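Student: Before we look at any detail, could you show me how to read the place where two chains meet?

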Amino acid sequence: MASLDIKLKVDASGLSCPLPILRATQGIKTLQSGELIEVVATDPGSVKDFDAWSKSTGNAMVEQDAADGKFRFVLRRK
Amino acid sequence: MTPAAAPDKRKKLVIICYSGELEKTWATMILASTAGAMDMETTVFVTFWGLQIFVKDKKRITGENWMQKMMSFMQRPGASHRKLSKMNFMGMGPWMMFKLAKKYNVAKPKELLEMAQAVGVTFLPCQMTMDMFGIKREDLVDGMGEPVGAATALQLMTEADSTLFI
C-alpha cells in the first residue's frame, strides 16, 4: 500500500454521531488545502456520514477501509 | 462568517428553534452543528420556548416584572437545564439521559451549541420573545446574532434549500 502523507490523525473511536464528523471538521480546518486528514471511528453510521460530509464539503475521500470494527477515512482538504 | 471558497454554492439551512424540551433541543443542536460542519450556511431562528435554551446556564431568573420572573422560575432557563416532554419524572428522566449520553459518548446540547458556533452557525434571537419574557441580550449566551423578527425568518426560509421547524 502506497504510504500517504497524512498531516493529521483524529481518533474518534467510541464517539457517537455527530461527534466523529465534528471532530473531523475541527481537525481539517487546521490543515492547508491539499493536505490529508485521517479519521478513525467506531460508529458504523460514520461510513455513510463521512461520504455525505465529503460530498457536501468537497473534501475528497482518498482512502477508506474497515477492520476489527474500526472505520478509517482519509480525506483531502479542499 | 467562515471564508467560502465558492460563494453561493453553499447549501442553506434554516432551523426555527421553537421548542425548549431536552429531546428537541438535542435535535436542533445535532442538526445545526452538523450542518455547519458540512459547510452549509446555517441559520437558527430562536423563538418562544427555544429562546430559553440560549439563556446562560448560570442565569437563574430572567425578566423585569413579577410575571416574567415567575415564568423563568417555573422553567429554569439554560441549555443544560432542559426537561423531557415525557418521562421527565422530576428530573429523573433527563438525569438518566445525560448518564446514557456520557456512557455512549453522545455530546450534550451545550457542547453541541458551542461546536455549532465554532463552525459558523448563526443563531438569531426573536426580538418579540425577548420582549415578552423580558430577556436581555446579556442574559443570552455569547456570540448570538442581532435580534430579528418573523419577516427576517421568513425571508431566510424562502431563500433556503432546506428548512426545519423544531
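**Where the chains meet**

Tutor: Twelve residues of chain A are in contact with 14 residues of chain B, contact being counted when C-beta atoms, placed from the backbone, lie within 7 Å. This is a predicted model, in which local features need pLDDT of at least 70 and side-chain atom pairs count only at pLDDT 80 or more, whereas totals for chains, interfaces and linings use all residues. Residues are numbered from 1 along each chain as its sequence is written, and chains are lettered from A and ligands numbered from 1 in the order in which they are written.

Student: How should I read the packing of two helices?

Tutor: Two packed helices are described by the angle between their axes and the distance between the axes. Here α1(A) and α1(B), residues 22-37 of chain B, pack at about 35 degrees with their axes 9 Å apart, where axes are lines fitted to C-alpha atoms, for helices over the stretch in contact, and angles run from 0 to 180 degrees between N-to-C directions.

Student: Which residues of α1(A) and α1(B) meet?

Tutor: I21(A), L22(A) and T25(A) meet S33(B), T34(B) and A37(B).

Student: What lies behind α1(A) within its own chain?

Tutor: α1(A) lies across β1, β2 and β4 of chain A, running at about 155 degrees to β1(A), while α2(A) lies across β2, β3 and β4 of chain A, at about 10 degrees to β4(A).

Note on methods:
Contact = placed C-beta atoms within 7 Å. Helix = DSSP H or I, 4+ residues; strand = E, 2+ residues; numbered from the N terminus.
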